[in-house]
Amino acid sequence: GFLRTVHHLDDLDDPYLSACQDRSVVTAQRCLCVSRLWKGKLRQIYGVEAAVVPSGVSPRRFSPNPSPDDALWRERLGLGAGPVFLALGGVEPRKNTVGSLHAFLQLRAEYPGAQLVIAGGVSLLDHSAYRQQFNQVLSQATPQARQAVILAGTLPDGAMPSVFRLADALVFPSVKEGFGLAVLEAMACGTPVIAPAAPPFIEYLDRSDALLVDPEDVSAIAAAMKWIADPSVYDHLRAAGLALSARFSWDASAREHLTHYRQIVGHESASLATTLSM
């Protein structure tokens with residue numbers, strides 16, 4: 001037997017992989033998920049009652065305190081005076097990367113020094129058609145704007161605290177997420193966040209914590225990027241994010257997981273004892 005944690009479910013074209021995903025949910029002794037959004041989806045799709053165990057963030061790793069590595073990564077990424085906007089997940093439909101790109105290009109008209117760093121991109125799924133769409137939009141931009149879009153690819157895990165700190169904001173207008181852990185990691189580094197005004201984000205964010213936007217509205221994303229340039233907005237969101245991220249710890253998440261693991265082990269032990277006594 002096994003316990004299955006569902007972060008999110010993918011829309012898989014391959015029937016075999018889709019069946020594997022379904023089987024991993026319905027045959028589990030117990031399912032956990034990271035948000036109420038996916039608790040509801042598991043009930044609706046599979047009739048499975050899952051428990052919600054939120055994700056956490058480690059303050060030992062993700063901190064607003066500067067590190068010597070910050071200067072190293074500023075040079076490696078070729079960052080200027082900014083403002084610098086960070087997008088994560090590579091070029092992928094559910095990350096709404098094309099929407100972020102459109103918004104950034106709108107912003108560049110007013111902030112010619114702005115840069116967009118797109119990090120990540122490893123995926124088991126084929127996003128080639130979406131990447132062609134991204135490349136087409138980028139190709140229509142001015143040479144200066146194209147140079148300001150930095151496709152950083154997959155970065156070392158240890159680089160992420162520095163990369164978060166170097167950004168003026170995390171631009172995260174995803175259209176599908178399980179929880180959005182990068183939001184907490186950015187906040188723990190003192191980086192303001194632009195996120196969707198939709199679940200699962202609004203389960204733990206409100207408009208005093210982050211700039212919440214319609215992820216399908218490019219102009220709204222661009223406006224949020226512009227608001228970050230206001231020092232009073234930046235300072236408020238930085239302080240709010242640090243306070244919010246401090247409420248989510250991996251220690252608390254681990255304790256909740258242990259409760260479920262112990263219940264399963266206890267149930268199995270009781271079942272075994274009953275079988276042996278028969």
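Modeller: Buried means under 20% relative accessible area, exposed means over 50%, and partly exposed lies in between (1.4 Å probe, protein chains only). This is a predicted model: local features need pLDDT of at least 70, side-chain atom pairs count only at pLDDT 80 or more, and totals for chains, interfaces and linings use all residues. Residues are numbered from 1 along each chain as its sequence is written, and side-chain values use heavy atoms, with hydrogens and water left out.

Colleague: How many disulfides does the count come to?

Modeller: A disulfide is a pair of cysteine sulfur atoms within 2.5 Å. By this rule, the count is zero.

Colleague: Which cysteine sulfur is nearest to that of cysteine 20, and how far away?

Modeller: Cysteine 20 is in no disulfide. Its nearest cysteine sulfur belongs to cysteine 31, at 15 Å.

Colleague: And cysteine 33: how far is its nearest cysteine sulfur?

Modeller: Cysteine 33 is also in no disulfide. The nearest cysteine sulfur is that of cysteine 31, at 8.2 Å.

Colleague: Is cysteine 33 buried or exposed?

Modeller: Its relative accessibility is 1%. Therefore cysteine 33 counts as buried.

Colleague: How many salt bridges does a search of the whole structure find?

Modeller: Side chains of opposite charge can pair when their charged atoms come close. A salt bridge is a side-chain nitrogen of Lys or Arg within 4 Å of a carboxyl oxygen of Asp or Glu. Across the whole structure, the search finds nine.

Colleague: How many residues apart in sequence are the parts tied together by aspartate 157 and arginine 61?

Modeller: The two side chains meet in a salt bridge, N to O 3.3 Å. Aspartate 157 lies in the loop between β6 (149-153) and α7 (160-166), and arginine 61 in the loop between β3 (51-52) and α3 (68-77). Helices (H or I, at least four residues) and strands (E, at least two) are DSSP runs, numbered from the N terminus. So the pair ties together parts separated in sequence by 96 residues.

Colleague: Which residue meets lysine 95 in a salt bridge?

Modeller: The N to O distance is 2.5 Å. Lysine 95 sits in the loop between β4 (84-88) and α4 (97-108), and its partner, 82 residues apart, in the loop between β7 (169-171) and α8 (181-188). Lysine 95 counts as buried because its relative accessibility is 12%. The partner is glutamate 177.

Colleague: Which residues are linked with Lys95 in a network of salt bridges?

Modeller: Glu177 counts as buried, at 5% relative accessibility. The residues linked with Lys95 in the network are Glu92, Arg94 and Glu177.
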